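Please keep the sequence and the model open while reading.

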Amino acid sequence: MQIGWRRQYVVYSSLILHGIMIIVNTRLEFVLFYNVISVESENHCTSQMRLLIDQISMQQGQIVTLEDERKRNFEERLQLKALIQDLERKGLQQLTDKTQEPVAAVVIMACNRADYLERTIKSVLKYQTTVASKYPVFVSQDGSNPEVKNKALSYDQLAYMQHLDYAEVETERPGELIAYYKIARHYKWALDQLFYKHNFSRVIILEDDMEIAPDFFSYFEAAAILLDKDKTIMAVSSWNDNGQKQFVHDSYVLYRSDFFPGLGWMLTKSIWDELSPKWPKAYWDDWLRLKDNHKGRQFIRPEVCRTYNFGEHGSSMGQFFKQYLEPIKLNDVQIDWMSMDLSYLMEDKYVKYFADLIRKAKPVYGNDAVMKAYNVVGDVRIEYRDQSDFERIARQFGIFEEWKDGIPRTAYKGVVVFRHQTQRRVFLIAPNSLERLGI
């Protein structure tokens, strides 16, 4: 019995000891496995940390590179600005006559149409050469288009200005073209330069898609005298919106208008002093047509245009080009305007002069007034009731229908005048026009 019990004890003891060894071995294996996992995790973390450090180092390097590039660009802009100022100074010294005050500076506003600019420059220099001391010519470029810059700098007869504006454009309404905002900024900058930096008393503004008439400079020299004498004239334009071949006849006739024509116009420094501080962010030409800005002052315009706009491709995307711009008649008669008596255009005389023209015109009434006008010999006048009625009549004749701030294009005291069938004038008259003219 004792021997059996001892054998069982030995067996149980062996089994227990074996079990303990298994547990110990398992625990050692677990510890070893854990250590391996820990080492691998630590290595992975170390690897990831090194990768992040490398990425941060690369980004820091890129930041340093960008900062160096920014500094380099800034220095290049300063050098470019200094170069432009030097070119302006040398160009202006070459163009101006120290013994004679210029009538006006002529600025051609350009951006990115080198071929158009060349055509405009050639047209201007063709007639400016004989009066160069009276009309120094500038090209003002908005932006850095190299073809435009090189084209402008290739002419010794003019001075070059460059407007570099990197400020972001914020439009006031969704979907607007930022081009109109950039154009307004450029106009303000260029006119500030010419009036305040170069101290010109008058400036004639052209765009880079215009040809001028042979008497362009004579016309503006005579007009400068009117501007100085009559402060009810805000500006003088070389343009007639209804200047298409079928609506004009007499190259010697000038008119006053309540509607700003633009497209080749001259203003004085005193007018710019008023406009510059409140210049609009965009659509500067329509802004000038608001009554709050022209304040009852008028504009001088010719019957036959002294500028021709050939710019089918531009910011306005050819709007109205085929219908209204392409058929414009450019004056081809050489007129010595300084020998002409233009006193009839002074405000006190013009009302009577214009009223006499209308008084002599035969009134035509009825919905078929346009058809009746075809059968009348001599000048006729047709009264329109309101804007929609005016648009209906204008559409039948083919003239501009557009209004701005209650004023039809070309109108003076509500009257729009144009030729019909050569010499005959047609006067479209607002309901209160006769009263305003004292008829």
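The second largest cavity is lined by Met234, Ala235, Phe260, Trp265, Leu267, Ile271, Leu275, Leu288 and Phe299. The model is a predicted one.

**Second largest cavity**
- The space in the second largest cavity comes to about 30 Å³.
- Its lining consists of nine nonpolar residues, with no polar and no charged ones.
- Three elements each contribute at least two residues to this lining: strand S6 (233–237), strand S8 (265–268) and helix H6 (269–275).

**Largest cavity**
- Searching the whole structure for cavities of 30 Å³ or more turns up two.
- The largest cavity holds about 40 Å³ of space.
- Around the largest cavity are Asn240, Asn242, Phe247, Val248, Tyr255, Arg301, Glu303, Val417, Phe418 and Arg419.
- Sorted by class, these lining residues are five nonpolar, two polar and three charged.
- With three residues, strand S15 (residues 416–419) is the element that gives the most to the lining of the largest cavity.

**Helix pair H2 and H3**
- In general, a pair of packed helices is described by the distance between the axes and the angle between them.
- Here helix H2 spans residues 114–128 and helix H3 spans residues 146–153; their axes come within 9 Å and cross at roughly 20°.
- H2 is therefore roughly parallel to H3, since angles under 35 degrees count as roughly parallel.
- The crossing of H2 past H3 is right-handed.
- On the H2 side, the contact is made by Ala114, Leu117 and Glu118; on the H3 side, Glu147, Val148, Lys151 and Ala152 take part.
- Four of the residues in this contact of H2 with H3 are nonpolar and three are charged, while no polar residue is included.

- Leu263 is not a glycine, yet its phi is positive, at about 50°.
- The position of Leu263 is in the loop between strand S7 (254–257) and S8; S8 is also one of the elements supplying at least two residues to the lining of the second largest cavity.
- Lys413, likewise a residue other than glycine, has a positive phi near 50°.
- Lys413 sits in the loop between strand S14 (407–408) and S15; S15 is the strand that gives the most to the lining of the largest cavity.

How values were computed
Residues numbered from 1 in each chain as written. Predicted model: local features only at pLDDT ≥ 70, side-chain atom pairs only at ≥ 80, totals over all residues. Heavy atoms only, no water. Axes fitted to C-alpha atoms, helices over the stretch in contact; angles between N-to-C directions. Helix = DSSP H or I, 4+ residues; strand = E, 2+ residues; numbered from the N terminus. Parallel < 35°, antiparallel > 145°, perpendicular 65-115°, else oblique. Left-handed = near helix turned anticlockwise from the far one by under 90°. Contact = heavy atoms within 4.5 Å. Nonpolar A, V, L, I, M, F, W, Y, C, P; charged D, E, K, R; others polar. 1 Å grid on protein atoms, 1.4 Å probe; cavity = no way out; pocket = protein on both sides within 12 Å on 5 of 7 lines; lining within 4 Å. Points joined across faces, edges and corners; volume = space filled by probe spheres on them.
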